[in-house]
Amino acid sequence: MRSRCTVSAVGLLSLCLVVSASLETITPSAFDGYPDEPCTINITIRNSRLILSWELENKSGPPANYTLWYTVMSKDENLTKVKNCSDTTKSSCDVTDKWLEGMESYVVAIVIVHRGDLTVCRCSDYIVPANAPLEPPEFEIVGFTDHINVTMEFPPVTSKIIQEKMKTTPFVIKEQIGDSVRKKHEPKVNNVTGNFTFVLRDLLPKTNYCVSLYFDDDPAIKSPLKCIVLQPGQESGMARFLKFALLF
């Protein structure tokens with residue numbers, strides 16, 4: 001199926017002139033004549049960074065390159081191009097250094113879509129950076145006879161705004177057996193950097209436990225479940241070391 005987004009040779013030439021001139025700002029109406037590409041734009045806090053991502057509804061078209069432009073509505077400014085997200089094949093962009101100073105502001109984000117068949121479209125939406133939900137950290141689980149070590153990785157937080165959001169948003173480790181939730185733990189992680197291990201205790205051997213992490217945000221972004229069956233005699237490294245030491 002052909003893309004809905006087509007432009008005349010004059011329109012394409014206008015785009016080429018904009019690109020070749022390497023303009024960093026243009027008037028807000030510069031893309032008014034571009035056809036709209038149906039899409040979904042989201043913003044989240046991932047690994048302590050503010051990440052904008054987008055997904056096109058038409059996935060059957062040719063490969064696309066993207067250029068991100070934005071303007072802060074309250075400032076009545078021209079559109080600004082995000083340099084690190086210009087002519088990229090990635091459908092996401094780190095905007096931490098662009099928007100965190102105005103987390104309370106409405107931002108108009110415009111993604112210009114350049115398809116391989118020379119069609120050009122725009123994908124746009126209104127974004128409120130202050131509403132960006134926190135994504136859970138990467139984690140691994142290691143099972144023993146009666147407990148599970150949940151080890152998470154928290155990258156350094158350079159933004160005071162993100163630090164405050166992590167401080168005020170409860171962090172949850174959900175422990176369940178099969179589909180049934182057994183416990184929800186809420187360790188304090190607002191000042192944690194690097195690896196952090198939380199121990200799920202008093203567990204039963206020969207039992208399949210699953211673990212998921214999330215910040216109790218709105219909306220809450222939950223990690224996929226990671227599961228493990230506890231085996232009898234699956235002792236921790238420290239326990240094995242102590243037994244070995246007692247032999248000498």
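What follows starts with the whole chain and then moves on to particular residues.

Keep in mind that you're looking at a predicted model. The protein has 248 residues, and 41% of them count as buried. Its secondary structure comes to four helices and 15 strands. If you take the contacts between residues at least 6 apart in sequence, 66% of them join residues at least 24 apart.

Now for the aromatic rings. How many aromatic pairs does the structure hold? There are seven aromatic pairs. One to click on is Phe31 with Trp69, an edge-to-face pair with 5.6 Å from centre to centre and 65° between the planes. This pair links distant parts of the chain: Phe31 sits in the loop between β1 (25–26) and β2 (39–46), while Trp69 is in strand β4 (residues 64–72), 38 residues apart. Phe31 and Trp69 are both buried.

Another edge-to-face pair is Phe154 with Phe171, at 5.9 Å centre to centre and with 75° between the planes. Phe154 belongs to strand β10 and Phe171 to strand β11 (residues 171–177), so this pair ties together parts that are 17 residues apart in sequence. Phe154 and Phe171 are buried too.

Next, have a look at strand β8, which covers residues 120–127. Val120 and Tyr66 are 54 residues apart in sequence, yet their C-alpha atoms are 10.0 Å apart in space.

Tyr126 is also in strand β8, but this residue is exposed, with a relative accessible area of 55%. The cut-off for exposed is over 50%, which means that Tyr126 qualifies. Together with Met73 and Tyr106, Tyr126 makes a nonpolar surface patch of about 380 Å².

Last stop: His147, in the loop between β9 (138–143) and β10 (148–154). His147 has a relative accessible area of 18%, so it falls under the 20% cut-off and counts as buried. The side chain of His147 makes a polar contact with the side chain of Asp146, at 3.0 Å.

Key:
Residues are numbered from 1 along each chain as its sequence is written. This is a predicted model: local features need pLDDT of at least 70, side-chain atom pairs count only at pLDDT 80 or more; totals for chains, interfaces and linings use all residues. Side-chain values use heavy atoms; hydrogens and water are left out. Patches are made of residues with over 30% relative accessible area and no salt bridge: like charges are joined within 9 Å, nonpolar side chains (Val, Leu, Ile, Met, Phe, Trp, Tyr) within 5 Å. Accessible areas come from the Shrake-Rupley method with a 1.4 Å probe; for residues, only the protein chains shown count as cover. A salt bridge is a side-chain nitrogen of Lys or Arg within 4 Å of a carboxyl oxygen of Asp or Glu. Helices (H or I, at least four residues) and strands (E, at least two) are DSSP runs, numbered from the N terminus. Buried means under 20% relative accessible area, exposed over 50%, partly exposed in between (1.4 Å probe, protein chains only). A polar contact is a pair of N or O atoms within 3.5 Å; within protein, one must be able to donate a hydrogen and the other to accept it, and residues adjacent in sequence count only if both atoms are side-chain atoms. Contact means heavy atoms within 4.5 Å. Rings of Phe, Tyr and Trp (its six-membered ring) pair if their centres lie within 6.5 Å; planes under 30 degrees apart count as stacked, over 60 as edge-to-face and the rest as tilted.
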